[in-house]
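Here are my notes for you on a helix pair and a sheet. Have a look at the structure first, then read on.

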Amino acid sequence: MGAGLAGFAAAVRAAEQGLSVLVFEKLTDAQHICNSRLTGGIFHVALHGLVDPPALIAERIRNATGGTAEPALVDAVSEDALRLVRWLQLQGIRFMKSGREPWQDFTLAPPALPQFGRQWKGRAGDVMLLTLEARLGKHDGRVLRGHRATRLAMQDGRCTGLEGEAAGGTSFSVDAGAVVVADGGFQASHSLLCEHITPQPAHLKQRNAQTGMGDALSMARAVGACSIGIGHFYGHLLSRTSLDNDALWPFPWADDLARSSIVVGSDGHRIADEGIGGVYLANQIAKLPDPASTFVIFDDATWNGPGRLRAMSANPYMTDAGGKLYSASTLSELAAISGLPQHALAAEVESYNAAIAANDLARLWPPRSEPKSAAWPIRTGPFHALPIVPGITYTMGGIRIDGDSRVLDTNGSPIAGLYAAGAATGGLEGGPRSGYVGGLIKAGVTGLRASEHIAGKHVAGGHINQSINTTGDTHGRSRQATV
Ligand SMILES: Cc1cc2nc3c(=O)[nH]c(=O)nc-3n(C[C@H](O)[C@H](O)[C@H](O)COP(=O)(O)OP(=O)(O)OC[C@H]3O[C@@H](n4cnc5c(N)ncnc54)[C@H](O)[C@@H]3O)c2cc1C
């Protein structure tokens, strides 16, 4: 279920091992826009490279997630990250270096980065998905578009297929030896966001394809699956103007500016440890009563320093694309034009500057850790206030799985015949710092592992029975396949 990287990795790997495969995709377009199609395309693990020894990669995942990552998933990703890329290369997918850092060594070609707006046609994720779909076809696997899965079929505690709605108002059901759910997460579901992530979903910018509605999570929970790490998401700090202006996502971010200065709420006070970085800040801001109420405050030296760090940096791309930036020669003027309380802002800036001068950022409240890039003082005008919102890319939490991508129930036991992959799953990313491990690596590795477990278990035993029945279809088509 789901034709993103996770679904295709599972499907192609299953098919090349001789299994009969059908992929159900709810969207109808041949080049349907999912997160795997919009992706930046960098295969990394926690912003590090893939060629290091698995023990080192595992250590990095534990560090990024504050030790909260499930050990079985840490092992799966650290052992299989490079194998995934090699397997994708064997399918015909090309990679290139997109920068000097080791984490940029495996970037999908032709690159999606650095591009303004969402330019995906003929690039990175688009080429990857087209290539994988063609490979699936060579193995006689099929993608059924316009088929939205809504329910898992169960018999004697085992998942025996799925059911759903097809385009045109028909319904369908399929019997299968195994089901892999890979719907891409729940970031686009306002009700699930409200339950787990933010009191005001409309004040998060959807920095994604808006296809992940949490169907997999709901379906799996309905048959007894456990969820894990559900309160965190991967995302970045975007201009608040992006809520009304689509030119301002997925880039540029305000992460580098925020990490180098201070983020204040509408009361003029800092709200979180900026030194941890943009993904953490996005999560903290999302939890505020109004996530569209914060500003990054900095002076002109920061705007022309960290503000220009990246290829698609905030300076000048954010303002060029229409993003709001308040600028004034004094802090009190800045407070007046941005609507921030003058005294609170002045006091916050003063204690921040004093902590930098004393080389003691930890004395601030909230405490401020040493950032990768230094904290820059806010001293010399013009001063700037950048209104921001969290941009949500995908949810980090989801269905709990083991190292073979088997869905676990609330007792920690696998639900027979049911697997989950990609952003539908939880347990790898998150933790106290909302640690990011990597959406592509997670999708690919969990997809491969699901099918390898299915094949090992069922092909050896010699039976997968699969049938699909389409009801309400005027032609009354049905198809039977047995492996
Ligand atoms: C702008 C952007 C940049 C990114 N850059 C990077 C990067 O550089 N590196 C990185 O590691 N990660 C990156 N990511 C994240 C990464 O691309 C995703 O985490 C990953 O591709 C998710 O794959 P997936 O298969 O789990 O989900 P998806 O690609 O979202 O696929 C899920 C599919 O399931 C379908 N579906 C949903 N519900 C149903 C249903 N009920 N029935 C049938 N089908 C259904 C959807 O339509 C969709 O096609 C980026 C994401 C975005 C949006």
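1. Start with serine 227: its bridge partner in E16 is isoleucine 399. Strand E16 (residues 398-400) runs antiparallel to E10, and two bridges join them; strands count as paired if DSSP finds at least two bridges between them. Strands (E, at least two residues) and helices (H or I, at least four) are DSSP runs, numbered from the N terminus.

2. A word on the source: this is a predicted model, where local features need pLDDT of at least 70, side-chain atom pairs count only at pLDDT 80 or more, and totals for chains, interfaces and linings use all residues. Residues are numbered from 1 along each chain as its sequence is written.

3. Now the whole sheet: it's open, has three strands in the order E10-E16-E19, and its pairing is mixed. At the edges sit E10 (227-228) and E19 (425-426), each pairing on one side only. Helix H7 (residues 215-222) packs on this sheet, touching E10 and E16, and its direction makes about 40° with that of E16. Contact here means C-beta atoms, placed from the backbone, within 7 Å; axes are lines fitted to C-alpha atoms, for helices over the stretch in contact, with angles from 0 to 180 degrees between N-to-C directions.

4. Next, the helix pair. The axes of H12 (residues 331-338) and H13 (residues 342-357) come within 9 Å and cross at roughly 130°. On H12, the contact is made by Leu331, Ser332, Ala335 and Ala336; H13 brings Gln342, Leu345, Ala346 and Val349.

Key
Contact = placed C-beta atoms within 7 Å.
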